[in-house]
Each structure stands twice: as C-alpha cells, then as structure tokens.
Amino acid sequence: MSLPYRNGRKKRSQSYILIGDGFDELEVIYFLHNFRQAGLSIKSVSLFDKLVYSRQGVGLKADFELADKPFDPSGEDCLLILPSGGRNGDALRRDARVKSLLMEFNSGCGSVAVTSSNKHLAKDVEQVCSDRLTLQHRGKQGLEDFVKSLTERFVYAS
C-alpha cells in the first residue's frame with residue numbers, strides 16, 4: 001500500500017554535475033553539498049571511471065559514468081552543471097561525447113549551467129546550446145552566490 005503523501009508529491013527536476021580527472025574540489029563539493037542540503041536531487045557523473053581524481057589528487061566516487069547514460073536530456077527536464085575549474089573545463093571541451101550531449105540538451109527540455117573559470121567552455125556551450133537556457137557564473141559573482149541562485153531557482157520552481 002502506498003502512502004498518500006508520496007502520490008501527491010510533485011516530481012522535482014533532476015540535476016547532474018559532470019566531472020573528469022583534474023576537477024576543482026571546491027566547485028564540485030560545494031554544488032553537491034548545497035543542492036543536497038536544499039533537498040534537491042543532484043548526481044555526479046564522471047567522464048570515464050566512477051573513481052575521479054581532483055587536481056589535488058583527492059578521489060571522488062561518482063554516482064554514474066557518462067557511458068551509463070544516467071539521464072535523457074531530450075525528454076526530461078533536468079539541469080546539467082559543467083564545473084570548469086581545474087582541468088575539468090578542458091577535459092569537457094575535448095570530449096566529443098560532451099558536445100553531442102549538449103546538442104541533445106539544446107533540442108530537449110533541460111538547461112545547462114557553467115562556472116566561468118574556463119571562458120572557452122562557456123563560449124562552446126553558448127554556441128552549441130543556442131536554443132536552450134544557459135546559466136553562467138558571472139565575473140563579479142562569487143561561486144557561493146552562483147550556487148545559491150541556482151539552488152533557489154530550482155527550489156522555488158519545484
């Protein structure tokens with residue numbers, strides 16, 4: 001027997017953070033912590049192996065690998081976060097799967113958020129995702145304010 005409050009619960013949008021070796025620990029952990037603390041669903045997705053190492057050598061076990069195809073950007077309303085600190089921005093730019101994923105997001109219902117440590121990644125995302133909403137960390141805005149604005153945006157939207 002299912003509980004009545006579960007049936008009436010509104011489905012929240014899903015968030016994913018895409019990380020590769022050389023990521024910036026502060027960006028990734030800060031996103032994960034704040035989204036989960038606010039009650040939002042966020043999953044980490046690695047480019048290759050589930051165990052990903054930061055630029056300082058700290059290991060993080062991702063929830064999914066990109067090869068697992070943990071989400072459907074064309075059919076589901078979700079947020080894809082691309083942290084560009086450390087060497088993560090360059091790793092995301094070089095991976096052809098990320099570009100094809102962004103093209104799928106462009107034709108789907110989701111949105112993409114990019115931190116601005118890597119201006120080239122932000123430009124690439126703007127070019128590929130011309131039809132979709134792209135949320136970017138602005139120069140004078142601190143990481144804390146950017147994450148807070150994203151968190152509030154999705155908490156109040158749900």
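This is a predicted model: local features need pLDDT of at least 70, side-chain atom pairs count only at pLDDT 80 or more; totals for chains, interfaces and linings use all residues.
I started with Tyr16 and looked across to strand 2, where Lys43 stands opposite.

Next I checked how the two strands go together. Strand 1 and strand 2 (residues 41–46) run parallel and are joined by six bridges.

Then I asked what else strand 2 pairs with. I found strand 5 (residues 64–65), again in the parallel sense, over two bridges. One partner I wrote down is Glu65 in strand 5, which bridges to Ser46.

On to the cores. The largest nonpolar core holds 22 residues. I listed the ones with the most contacts inside it: Leu18, Leu80, Leu82, Leu102, Val112 and Val125. At least two residues of this core come from each of strand 1 (14–19), strand 6 (78–82), helix 3 (88–94), helix 4 (96–107), strand 7 (111–114) and helix 5 (119–128). Another core lies apart from it and has 20 residues, including Phe35, Ile42, Leu143 and Phe154.

Which of its residues are buried? I get Leu121, Ala122, Val125 and Val128. Looking down the axis of helix 5, I see these buried residues within an arc of 135 degrees, so they line one face of the helix. Residues three or four places apart in an α-helix point the same way, because there are 3.6 residues a turn. On the other side of helix 5 I noted Lys119, Lys123 and Gln127 as exposed.

Terms used. Residues are numbered from 1 along each chain as its sequence is written. Side-chain values use heavy atoms; hydrogens and water are left out. A nonpolar core is a set of buried Ala, Val, Leu, Ile, Met, Phe, Trp, Tyr and Cys residues joined through side-chain atoms within 4.5 Å. Buried means under 20% relative accessible area, exposed over 50%, partly exposed in between (1.4 Å probe, protein chains only). Helices (H or I, at least four residues) and strands (E, at least two) are DSSP runs, numbered from the N terminus. Two strands pair if DSSP finds at least two bridges between them. The arc is that of the directions from the helix axis to the C-beta atoms.
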